[in-house]
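Good morning, and thank you for coming. Please look at the sequence and the structure on the screen while I speak.

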Amino acid sequence: MSSSSQPIVEVDADSGFCFGVTSAISKAESELRSSDPLYCLGDIVHNSDEVERLRVKGLVTISHDDLAMLRNAKVLLRAHGEPPSTYLTAQKNGIEIIDATCPVVLQLQRRIKATYNQPDPPQIVIYGKAGHAEVNGLVGQTDGNAIVVESTDQLSAIDFSRPIAVYSQTTKPLDGFRAMCNEILSRATDQSLVECHDTICRQVANRAGAIQSFASRHDVILFVAGKKSSNGRVLFGHCAKANPRTHMIANASEIDPQWLLGASSVGICGATSTPRWLMDDVRQAVINHVSPNQPLK
């Protein structure tokens, strides 16, 4: 990239926090204005820069072990949701819950619980990442009896002669869910005993196509996401497929100026856990690499 001309540096308007994360952070900031201290069960979002921003404001991240020891405090539950056992612990310990569970996740929890509470429930299969916070909350609705699968080599845990109800972690890719359902149907003794429930959040799922379109319009893509973000890894893959000159970074400090050489346009995008302010910082850093001390336009 030449310093003699101002590059086109665009931040993807459709990238950044999904509704559930936006709502959770809004609740945290609102409580922080009146609560001291405020605890959050797990990182409020899978982005260390945003977690640090809120830590400075007073948000204290705790683990489930910490929760068990906590008494008479105020604890925020993040958008991922929690199993029933978390609410029981809070009630026993006199903890006030600020529930920021995403409405889409909450609805899914209720559907799984209703299926599990049937007189003769089917096997509940969850297409998702074992150990993921959202999945832990979903499995908790079944007293730990749901079967979690992310790849076909994990399907041996299913009894294909019995009824099966398949649900999905809300942030999994739609094509992956459909492929998993087709595989389960193909193995079932009786396909009429298999019910596949598409519970993927469309606000997240629809980003794949949009972000590929954005990536294809620019010479270089800087994809901003936290190291822990599952959604970030998925969307980064879509960007890289559309544009080989795609680089994943956590923040502006990780930009390699060599990536920008010969580029007349740079696109900046991110995961559903990436704050807008962080992408704006990256945009300013790109411009400064080209023309140091030049104000952001």
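Where is the place of isoleucine 184? Isoleucine 184 belongs to helix α7. Please keep in mind throughout that we are looking at a predicted model.

Is isoleucine 184 buried or exposed? Isoleucine 184 counts as buried because its relative accessibility is 0%, and the cut-off for buried is under 20%. Leaving out residues up to four places away in sequence, isoleucine 184 touches Val125, Leu155, Ile158, Phe160, Ile164, Val166 and Val194. Proline 163 is 21 residues from isoleucine 184 along the chain, and their C-alpha atoms are separated by 11 Å.

I turn now to the overall picture. The protein chain has eleven helices and twelve strands. Its C-alpha trace spans about 70 × 50 × 25 Å along the principal axes. Of the 297 residues in the protein chain, 51% are buried. If we take contacts between residues at least 6 apart in sequence, 69% of them join residues at least 24 apart.

How confident is the prediction, and where is the pLDDT below 50? The average pLDDT of the protein chain is 93, and 96% of the residues score at least 70. Over residues 293-297, however, the pLDDT is below 50. That stretch has nine contacts in the model beyond near neighbours in sequence. Where pLDDT is low, the predicted coordinates should not be read in detail.

Next, I ask you to find strand β2, which covers residues 38-41. Both of its faces are covered: Leu38 and Cys40 are buried on one side, and Tyr39 and Leu41 are buried on the other. Which strands pair with β2? Strand β3, residues 59-62, runs parallel to β2 and is joined to it by four bridges. Strand β4, residues 74-77, also pairs with β2 in the parallel sense, over two bridges. Tyrosine 39 takes part on both sides: it stands opposite valine 60 in β3, and its bridge partner in β4 is valine 75.

We come to the aromatic rings. A pair of aromatic rings is described by the distance of the centres and the angle of the planes. The model has two aromatic pairs. One of them is formed by tyrosine 127 and phenylalanine 177; it is tilted, with 6.3 Å from centre to centre and 40 degrees between the planes. This pair links distant parts of the chain, since tyrosine 127 is in strand β6, residues 123-127, and phenylalanine 177 is in helix α7, residues 174-187, 50 residues apart. Tyrosine 127 and phenylalanine 177 are both buried.

Finally, please find phenylalanine 17, in the loop between β1 and α1. How far apart are phenylalanine 17 and serine 273 in sequence and in space? They are 256 residues apart in sequence, and 5.2 Å apart from C-alpha to C-alpha. Setting aside neighbours within four places in sequence, the contacts of phenylalanine 17 include Thr22, Ile25, Val45, Glu50 and Arg207, and also Ala271, Thr272, Ser273, Thr274 and Pro275.

Thank you for your attention.

Key:
Residues are numbered from 1 along each chain as its sequence is written. This is a predicted model: local features need pLDDT of at least 70, side-chain atom pairs count only at pLDDT 80 or more; totals for chains, interfaces and linings use all residues. Side-chain values use heavy atoms; hydrogens and water are left out. Rings of Phe, Tyr and Trp (its six-membered ring) pair if their centres lie within 6.5 Å; planes under 30 degrees apart count as stacked, over 60 as edge-to-face and the rest as tilted. Buried means under 20% relative accessible area, exposed over 50%, partly exposed in between (1.4 Å probe, protein chains only). Two strands pair if DSSP finds at least two bridges between them. pLDDT is the predictor's confidence in each residue, from 0 to 100. Contact means heavy atoms within 4.5 Å.
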